[in-house]
Amino acid sequence: MASERMTGAQALVKVFEKHGVSHIFGYPGGANIPIFDALRDSQIKFVLSRHEQGATHMGDGYARAGGKAGVVLVTSGPGATNAITGVMTAHMDSVPMVVISGQVGSGSLGLDAFQEADVSGVSYPIVKHSYLIKDPEDIPRITKEAFHLAETGRPGPVLIDIPKDISSALFTPEFDAPMELPGYEIPSKGDESAVQNAAELLHAAKKPLILAGHGVLVAGGSEQLLRLAESLQIPVTTTLLGKGAFPERHQLSLGMLGMHGTPYANLAVKDCDCIISIGARWDDRITGNLAKFCAEATKIHIDIDPAEHDKLLRMDQFICGDAREVLDQLNAVTRPGDTEAWRKQIDSWKQEHPLTFETDPGLEARYVLNVLDSLVDQDTIITTDVGQHQMWAAQFVRTTAPNHWISSGGAGTMGFGFPSAIGAQFACPKKKVVAIAGDGGFQMTLSELSTAAIHKLPLTVIVIDNKFLGMVRQWQDMFYEKRLYGVDLDGNPNFVKVAEAYGVRAFHLTKVEDTEKVLKEALDYTDGPCLVHVEVIKELNVFPMIPAGGSYEDMILEAPKK
């Protein structure tokens with residue numbers, strides 16, 4: 001049946017509706033007014049952010065918590081370039097997102113018109129694909145392609161740049177137009193001989209280790225991973241973004257590995273004789289010194305992206321495929337080996353090197369996060385910003401369910417934690433969402449308190465305030481002869497008063513003995529957002545630590561004794 005005539009913007013919104021889009025995050029401007037006009041007649045909920053970076057992080061958190069592509073709508077020029085940081089963040093962490101950017105009229109392209117920027121060109125290196133639409137009849141097909149590309153295979157952001165005359169043009173759309181994606185293939189099952197060989201390598205190992213990454217969560221393979229680990233009795237460590245792929249309260253869990261991984265995870269990496277990475281990309285925060293990383297261990301890698309094959313390390317066996325499907329294949333052919341002595345060794349490391357905190361010097365972030373871990377249930381979604389608090393949260397706040405830990409990994413984007421929590425709360429309105437932020441990162445996007453307050457989102461924001469850019473200060477302290485510079489945040493505001501200025505309930509926590517009471521009261525508040533300003537001791541370093549470029553033999557377990 002033929003479609004009725006409509007504008008390009010109306011056709012765009014109609015494709016959104018057909019795809020089941022429920023929320024769009026963004027900010028209006030002159031070049032995207034036609035799209036906003038079309039949205040006014042739609043049931044899709046538009047969430048007005050206070051900055052385009054905040055909008056993209058909201059879309060990111062929405063996607064990670066809810067499993068569907070986040071949709072972001074921004075305008076041309078500075079509107080689009082403000083969004084680039086969030087687009088890069090999603091790209092680095094393989095998060096599905098569709099970003100619509102309004103653009104100046106087609107006749108003005110390349111003429112330095114008001115608020116013009118080559119947005120498709122700027123975004124090419126940090127998206128899965130980028131489009132500039134020049135014909136309104138392409139809108140339905142390209143929009144369908146954008147969602148397909150964003151959500152399938154190795155997910156990622158897709159950007160569509162739409163000139164104002166194209167979104168305003170009247171035409172008769174063909175909503176059933178086929179996609180045009182020649183050469184785009186989505187790997188599913190792995191090669192059977194490669195899977196069989198991986199199974200034999202795991203069976204022969206005496207000290208095997210599973211490394212679970214974000215790809216396990218993307219594929220929905222957590223149950224298959226649990227079955228593999230339990231049937232073969234192999235310990236599991238995760239990447240920062242893999243937290244939740246394997247329940248961290250499980251006996252076989254080692255928590256996170258790497259630069260600030262748990263001591264026992266890192267000791268297991270150092271001594272294992274076989275490591276199988278599932279949906280993790282061997283990034284530098286995991287491997288450190290590539291020449292020394294698991295040099296004597298057999299290495300197996302499962303990844304849906306063939307570009308990751310031997311990109312950083314030479315594999316003994318690479319399997320290209322969807323993590324869940326390959327794990328199903330593995331579970332069908334693997335045989336248990338003898339790992340009893342290995343598991344006993346790891347249990348002894350857990351006893352010898354537990355994660356610890358102090359309460360004598362004053363209020364520590366580690367203690368606060370340890371108390372938080374005891375108060376939240378397994379259905380609570382935790383988001384973090386970037387820095388020391390992020391590493392302590394990864395260590396002390398255990399994640400037991402998939403997609404309940406949201407953090408910026410590859411890009412390390414300050415300002416991510418709070419707006420991503422807003423997106424997660426929209427995706428999962430019945431779940432508790434807690435954002436953990438540092439005083440530095442929180443100030444980059446704190447204007448989104450207005451967004452959270454207007455929508456009465458019952459999320460909790462915990463601001464860890466040590467009045468330093470803590471991670472940079474730590475590096476200057478440890479590797480630059482304590483020559484601190486540019487890291488002092490003594491001008492921090494009173495975050496309680498800032499929150500109250502937005503109409504947000506707030507608490508001030510400064511004493512060890514008040515921690516549990518204050519956190520519990522904040523977590524129980526559901527009439528809107530709630531902020532806890534936590535003032536902690538100023539100078540504390542994150543340990544364990546493997547220095548950049550170092551090997552696991554170089555792990556520093558604790559601060560040197562004074």
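## Aromatic pairs

Rings of Phe, Tyr and Trp (its six-membered ring) are taken as a pair if their centres lie within 6.5 Å; planes under 30 degrees apart count as stacked, over 60 as edge-to-face and the rest as tilted. The model is a predicted one: local features need pLDDT of at least 70, side-chain atom pairs count only at pLDDT 80 or more, and totals for chains, interfaces and linings use all residues. Residues are numbered from 1 along each chain as its sequence is written, and side-chain values use heavy atoms, with hydrogens and water left out.

One of the pairs joins Phe 418 and Phe 442, whose rings are tilted, at 5.7 Å centre to centre and 55° between the planes. This pair links distant parts of the chain, 24 residues apart: Phe 418 belongs to helix α17 (residues 417–427) and Phe 442 to helix α18 (residues 439–445). Helices (H or I, at least four residues) and strands (E, at least two) are DSSP runs, numbered from the N terminus.

Trp 475 is partly exposed at 23%, as is Phe 479 at 35%. Elsewhere, ring pairs link Phe 25, Tyr 62 and Phe 426 into a cluster.

## Helix α17

Helix α17 is mostly covered, with ten of its eleven residues buried. Among them are Phe 418, Pro 419, Ile 422 and Phe 426.

## Charges over rings

A charge sits over a ring if NZ of Lys or CZ of Arg is within 6 Å of the ring centre and within 35 degrees of the ring normal. Lys 243 lies over the face of Trp 405, at 4.7 Å from the ring centre. The charged end of Arg 473 is placed over the ring of Phe 468, 5.7 Å from its centre.

## Buried charged residues

Arg 473 lies in helix α20. Lys and Arg count as positive and Asp and Glu as negative, while His and the chain ends are not counted. A salt bridge is a side-chain nitrogen of Lys or Arg within 4 Å of a carboxyl oxygen of Asp or Glu. Arg 473 is buried yet has no salt bridge, and Glu 539, the nearest side chain of opposite charge, is 4.1 Å away. Contact means heavy atoms within 4.5 Å. Not counting residues up to four places away in sequence, Arg 473 touches several residues, including Gln 388, Phe 468, Glu 539 and Leu 540.

Asp 322 is located in the loop between β14 (317–320) and α13 (323–333). Asp 322 is also buried without a salt bridge; Arg 324, the nearest side chain of opposite charge, is 4.5 Å away. Leaving aside neighbours within four places in sequence, Asp 322 is in contact with Pro 187, Ser 188, Ala 219 and Ile 304.

How values were computed:
Buried means under 20% relative accessible area, exposed over 50%, partly exposed in between (1.4 Å probe, protein chains only).
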